[in-house]
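Please look over the model shown here before reading the report. The notes after it are meant to be read alongside the sequence and the coordinates.

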There are 2 protein chains.
Amino acid sequence: MTTTQQPTTTFARRAQHVQSSFIRDILKAAGQSNMISFAGGLPEPSLFPHQQLAKSAYRVLMNNGQQALQYTNTEGYLPLRQFIAERYLRQQKIPIDPEQVLITSGSQQALDLISKLFLDAGDVIALERPSYIGAIQCFSQYAPEMAEIELREEGPDADQLHQLTHSKPVKFFYTIPNYQNPTGRRHSLASRKETVAIIKNTNTFIIEDDPYGEIRFEGEAFPSLHSMLPEQTILMGTFSKMVAPGLRIGWVIASSDIIRRLTILKQASDLHSSHLDQQVLYDYLTHYDLEEHLKGVRELYKKRRDVMSNALKNYFPENVEYQIPEGGMFFWLHLSPRIAAMELLKKSMKEGIIFVPGETFYVGQPNVHTARFNFSNTEEEKMDSAIARLGELIKKEEGHRTVVKWWPMP
Amino acid sequence: MTTTQQPTTTFARRAQHVQSSFIRDILKAAGQSNMISFAGGLPEPSLFPHQQLAKSAYRVLMNNGQQALQYTNTEGYLPLRQFIAERYLRQQKIPIDPEQVLITSGSQQALDLISKLFLDAGDVIALERPSYIGAIQCFSQYAPEMAEIELREEGPDADQLHQLTHSKPVKFFYTIPNYQNPTGRRHSLASRKETVAIIKNTNTFIIEDDPYGEIRFEGEAFPSLHSMLPEQTILMGTFSKMVAPGLRIGWVIASSDIIRRLTILKQASDLHSSHLDQQVLYDYLTHYDLEEHLKGVRELYKKRRDVMSNALKNYFPENVEYQIPEGGMFFWLHLSPRIAAMELLKKSMKEGIIFVPGETFYVGQPNVHTARFNFSNTEEEKMDSAIARLGELIKKEEGHRTVVKWWPMP
């Protein structure tokens, strides 16, 4: 043997299960051009309080830099964990001890740590159908059997959830009860009660992922599943949509026992999340007004939701079905059975417009006629004209003749 | 069933393998008091360029905050990857494409991603005996069979390495060739050549962890194993010891194929490392003089190495054996067969002094008479008197009568 090539190694089985996220791949393509993107789940960057964070960063580094730049404990910066705990108490009347808060590198790391803690290959987990692609991607590293529970307009199908969790051991049920990714749906109060009743007294945990709960445009807040069944629920939150995702600061709320176990796994995974970012964020949260900031976020996203809603109504054929989301960042469209979303994407990319075909959000047989449209990250003017052009494309695909003159805009 | 307790769930098998690091546990204890600590591997915080980083952070957030606070690609901030690649070329004459650089959340995450890529339960890996506890902890999440290769003064035992890697499939050999943690040893040039000759044309990768290579007090730099066998070596670096660990910015150098595979796993693990920290660090690296900064780091650590070396010589019994490290952060002591380091630690903690018993750095049967002493993070004055007190303790343990008057210092 005289080869100088890389060894013919066998990689771990898990490495063959995990695929790059389709979304991130098309986002990468989008980043290289002037695409109008409804594809990502990106917050609007002009909302980021970058000047306030600049002052916070300067203050932290000048006044406390030696500490903020040093290694720290794995659990996270204690004042930040206290802030998070106190905010739950203030806002949702949920008493949480700071010991029950683990700071993670975004919610994505929380998913990874939870998977590490619970999953051996072949274990059964339940998740909504459809569900967040990043969670599916993360879970697939641990080769579980993923059982999909149909997500109805009001919440997960209770019969399916009951049948599954009462017929075999299910490690956890992963759910996004508020303005779900990708569907934008929110579980009704009745659905929440039903979910909790089903899960209670099983050996199944609820993994409650709540990145969008604060992005509520209408209606009252509903109690979290965690507040209704704390001993069996692991609640995940993040500052990514509230403040800025580039900081990668999320958190997990769970029993002290679970937090201790997750902390050991986090220690083995990255020692701790950026100490500097945790302190900068804490300085921001205590020197400025997060609640005022969130008002601005909601206001802009609601406006964009309305613009997209009107544009869909004006330009898309009537056989395209959707609910109007009451929060979050996404519309979920059911196109007609004649339109495959992936084919539509290929054509729309040529027009400089991208979105995510819904098929990427399924574990089993996908519904290829669905599509996810993000509305948080596109300026209103561009949104209207782009939806108009997409409407034309769909109508062409449908073989419709149309007299709508769509370009240039009047 | 009417319990309201946490379900009697079975956690993943891996979660039972992983234990909290003893070091981090005693550091946590130390953080709560005025202990004099030789235990951690902490850099000296007064060296952190916190004022320059404050200016960098302010500049990045004011001028480019919208981008720096947004989600970004998993591979890392391209200018930072280019900086790292160019520095290897400039300093070590190694041509590296920025595509071959993956930014990670510290070296610890690199270890986790590499383990994820390579390890199924039961796979064989090799590592030095003794080795870095954080690596052992990380690997143990994936339940490999860990084969220890005795680390001699000049490098890993070549016969053992040859026998192992030529008798069965070994996924990788994990090594820290420069000023190893915990021993402070550096592989000689001859040892490096021998290691490479042994590994070449096997299906084994070398995982070369190099956090301390820049902290060189004496002698010439030796070529990295990566430079001698690039197609079979994955090289890990970090800014933790060069600039500041609180940022959690490390990197991996490997073939584009390996980087692509690691990137997919990183995407599933945390999407990306802090975008803000990557940009702040890059601004620092391009506005200030890293090489000048490193001179200051080397100078202070060398001084402390000398103080510890003199103190060990002055106060410890002659039967305590050690090499004087030519770089890095650690002394590795062999106490006499009558002294168990863990017992000594229990006594020294009562005197307010901590260090790490060497037994924590072994996978198999440990040498309980070894101890790791960090010298980077203790002021010179405190170091001298604390080593003197420890010397007294050791002499007491040995049953020696001594006439050395050690406190108060003259």
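The sections below take up confidence, the pairing of the chains, the domains and the sheets in turn.

## Basis and confidence

Residues are numbered from 1 along each chain as its sequence is written, while chains are lettered from A and ligands numbered from 1 in the order in which they are written. This is a predicted model, in which local features need pLDDT of at least 70 and side-chain atom pairs count only at pLDDT 80 or more, whereas totals for chains, interfaces and linings use all residues.

An exception to be read with care is the stretch 401-410 of chain A, over which pLDDT stays under 50 and for which the model has 7 contacts beyond four places in sequence; two residues are in contact here if their C-beta atoms, placed from the backbone, lie within 7 Å. For the complex, the predictor gives an ipTM of 0.93 and a pTM of 0.94.

## How the two chains meet

Between the chains, 81 residues of chain A are in contact with 79 residues of chain B. On the side of chain A that touches chain B, the elements giving two or more residues are α1 (13-17), α2 (22-31), α3 (50-68), α5 (106-118), α6 (133-140), α10 (256-270) and α11 (275-287) of chain A, and the largest share, 11 residues, comes from α3(A). Helices (H or I, at least four residues) and strands (E, at least two) are DSSP runs, numbered from the N terminus. By class, this side of chain A holds 31 nonpolar, 36 polar and 14 charged residues, where Ala, Val, Leu, Ile, Met, Phe, Trp, Tyr, Cys and Pro count as nonpolar, Asp, Glu, Lys and Arg as charged, and the others, Gly among them, as polar.

## Domains of chain A

Chain A is divided into domain 1 (13-41 + 292-397) and domain 2 (70-287), with bounds that come from an automatic or database domain assignment. Taken over C-alpha atoms, the centres of domain 1 and domain 2 of chain A are separated by 25 Å, and their contact takes 29 residues from domain 1 and 30 residues from domain 2.

On the side of domain 1 of chain A that touches domain 2 of chain A, two or more residues each come from α1, α12 (290-315) and β9 (330-334) of chain A. The largest share of that side, 6 residues, comes from α12(A), and its residues divide into 13 nonpolar, 9 polar and 7 charged.

## Strands around I125 in chain A

I125(A) lies in strand β3 (residues 124-129) of chain A and is buried, with 23 other C-beta atoms within 10 Å; a residue is buried if 20 or more other C-beta atoms, placed from the backbone, lie within 10 Å of its own, exposed if 12 or fewer, and partly exposed in between. Not counting residues up to four places away in sequence, I125(A) touches F139(A), P144(A), M146(A), V170(A), K171(A), F172(A) and Y174(A). The C-alpha atoms of I125(A) and Y174(A) are separated by 7.7 Å, although these residues are 49 residues apart along the chain.

β3(A) and β5(A) pair in the parallel sense over 2 bridges, pairing being assigned if DSSP finds at least two bridges between two strands, and L127(A) stands opposite Y174(A) in β5(A). From strand β5 (residues 172-175) of chain A, F172(A) and Y174(A) point one way and F173(A) and T175(A) the other way, and all are buried. β5(A) also pairs in the parallel sense, over 4 bridges, with strand β6 (residues 205-209) of chain A, where T175(A) stands opposite E208(A).

## Sheets of chain B

In chain B, 8 strands form an open sheet of mixed pairing in the order β2-β9-β8-β7-β6-β3-β4-β5. β2 (101-104) and β5 (155-156) of chain B stand at the edges, each with a single partner strand, so one side of each is left without a neighbour in the sheet. Strand β6 (residues 172-175) and strand β7 (residues 205-209) of chain B pair in the parallel sense over 4 bridges, with F173(B) opposite I206(B) in β7(B).

An open sheet of 3 strands in chain B has the order β10-β13-β12 and antiparallel pairing, with β10 (330-334) and β12 (356-357) of chain B as edge strands that each pair on one side only. β12(B) and strand β13 (residues 370-374) of chain B pair in the antiparallel sense over 2 bridges, and V356(B) stands opposite R372(B) in β13(B).

Notes:
pLDDT = per-residue confidence, 0-100.
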